[in-house]
Amino acid sequence: MTAPLVVVGDALLDIDIVGSSSRLCPDAPVPVVEQAEELPRPGGAGLAALLAALQPGAAGREVVLVTALADDEPGRRLRAMLEKHVEVAALHLHGGTPCKLRIRSGGQSVARLDAGEGQALDGPVGPRVTDAVAGAGAVLVADYGRGVTRHRAVRSLLGGLPAGVPVVWDPHPRGEAPVPGVRLLTPNAGEAARLAAACGAEIGGSGLSAAGRSGRYLAGAWGIEGVAVTLGAEGALLCDAEVAPLLAPARPARSDSCGAGDSFAAGAAGALADGGSLADAVTEGVDLASEFVRAGAAAGVAAQLAETGTARLVPERGEDAWDVVERTRRAGGTVVATGGCFDLLHAGHVSMLQQARRLGDCLIVCVNSDASVRRRKGPTRPVTPAADRVRVLEALSDVDAALVFDDDTPAPLLERLRPDVWVKGADYAGTTLPEAETVRAHDGEVVLLPLLEGRSTTRLLSTTKGNAS
């Protein structure tokens, strides 16, 4: 049996009060939120543990949360939510359970109310906590500055882990320095700068350069193998003390990002638990955080918990292509489209689709119908019927939806779709695309993307025939 993933840190109770607002209060310039619904969820290390248990690929992996809980009404609510999904090994929390209440309307937070100043103070931890940490296959420390990582017995347990147990440490400005032996530190850019300054470094500037300098400094100062500086919508930058950093880009998403850092850290810890490299862990963390935000982030988790008692960390597939386009445009996003036969999906296709999706906020693939392919490629094509080609394309995380067209060119479909960016492969360089005029007539732009050398459906089919003979 796989050893459990153990999450160590400070659990909070988060509550969203969600309603609608169309008027201001008569006695103060504040919105009146009506038809309000209360949506509670675990926060802090509690959310990180929940996400670790629910992430794709976690089936069969036990997740244990080592935290501090108070015996008050918020603490009992928090424990009840957590114990449906993870094993809880709790220290005593001195004082009230930390609660963060967000009032939200129209997808925006109107106000946040914080209550509960409980702290985990030094004292005995008990055999349940000791056994949980000692038996961990991997550890995620989610430090929220409430004392769990400052607890001397907990730090001793974390510092005594075998060298082969990967530890991911998600820091907090009011938290503690990581114990020796941490494999991956996961601050956001602001946290990385503040942590480096607290260690005596003077790192100015902003953006990738500053994040890289902060990450490299922390890796060297604390003796950590890797520091993944999370950059919000830009992804995460994996740094060590010496070599050039690795950037894992995020998939574009326009949504509340509350909890994205916990999702990233949980995904990275899960990848390391499965034996992945640091690069694998950071890439997996970014991918899961991107999907988490697209699914509504922490607010989406709360809504699903309230409705069904469980949650999905990725959005439901199958949304109509026109709905995707309308939703993207309402949010002020960029619609990207590309087209082709996609008869036998190969690495060249995948590479182009990945690049195309990064150019905007949704990617629509326009697919030649079977009759259209026959007219272009001859009577033996397509090898794969249109319905199957669409199904395969829409299974790719970079593709938001696909549309089939029966014309010789996608121009009539693009007249309705009106993409902001139309993407084709670099093999069309120097040629006139018949649909380019349609795209540009609606203020769109045509972009060519580089191809992987030697990949094509025609070459695949000729190779297959040669081998068969």
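This is a predicted model: local features need pLDDT of at least 70, side-chain atom pairs count only at pLDDT 80 or more; totals for chains, interfaces and linings use all residues.

Me: Why is Q35 called exposed?
Reply: The relative accessible area of Q35 is 74%, and exposed means over 50%, buried under 20% and partly exposed in between (1.4 Å probe, protein chains only). Q35 is therefore exposed. Q35 also has a positive phi of about 50° although it is not a glycine, and its place is in strand β3.

Me: Why is D443 called exposed?
Reply: D443 has a relative accessible area of 74%, so it counts as exposed. D443 lies in the loop between α15 (436–441) and β18 (445–449) and has a positive phi of about 65° although it is not a glycine.

Me: What makes α5 oblique to α6?
Reply: The axes of α5 (residues 189–198) and α6 (residues 207–222) come within 9 Å and cross at roughly 45°. That angle makes α5 oblique to α6, because angles under 35 degrees count as roughly parallel, over 145 as roughly antiparallel, 65 to 115 as roughly perpendicular and the rest as oblique. The axes are lines fitted to C-alpha atoms, for helices over the stretch in contact, and angles run from 0 to 180 degrees between N-to-C directions. Helices (H or I, at least four residues) and strands (E, at least two) are DSSP runs, numbered from the N terminus.

Me: Which residues of α5 and α6 meet?
Reply: A192, A193, L195 and A196 in α5 meet S214, Y217, L218 and W222 in α6, where contact means heavy atoms within 4.5 Å. By class, this contact of α5 with α6 has seven nonpolar, one polar and no charged residues. Ala, Val, Leu, Ile, Met, Phe, Trp, Tyr, Cys and Pro count as nonpolar, Asp, Glu, Lys and Arg as charged, and the others, Gly among them, as polar.

Me: How do you know that R61 forms a salt bridge with D274?
Reply: A salt bridge is a side-chain nitrogen of Lys or Arg within 4 Å of a carboxyl oxygen of Asp or Glu. The closest N and O atoms of R61 and D274 are 2.6 Å apart, and R61 forms a salt bridge with D274. R61 lies in the loop between α1 (45–54) and β4 (63–69) and D274 in the loop between α7 (260–273) and α8 (278–294), so the pair ties together parts that are 213 residues apart in sequence.

Me: Is R61 buried or exposed, and why?
Reply: R61 has a relative accessible area of 12%, and therefore R61 is buried.

Me: What makes D400 and R357 a salt bridge?
Reply: The closest N and O atoms of D400 and R357 are 2.9 Å apart, and the two form a salt bridge. D400 lies in the loop between α13 (386–394) and β16 (401–405) and R357 in helix α11 (residues 347–357), 43 residues apart. D400 counts as buried at 11% relative accessibility, and R357 is buried with a relative accessible area of 2%.

Methods
Residues are numbered from 1 along each chain as its sequence is written. Side-chain values use heavy atoms; hydrogens and water are left out.
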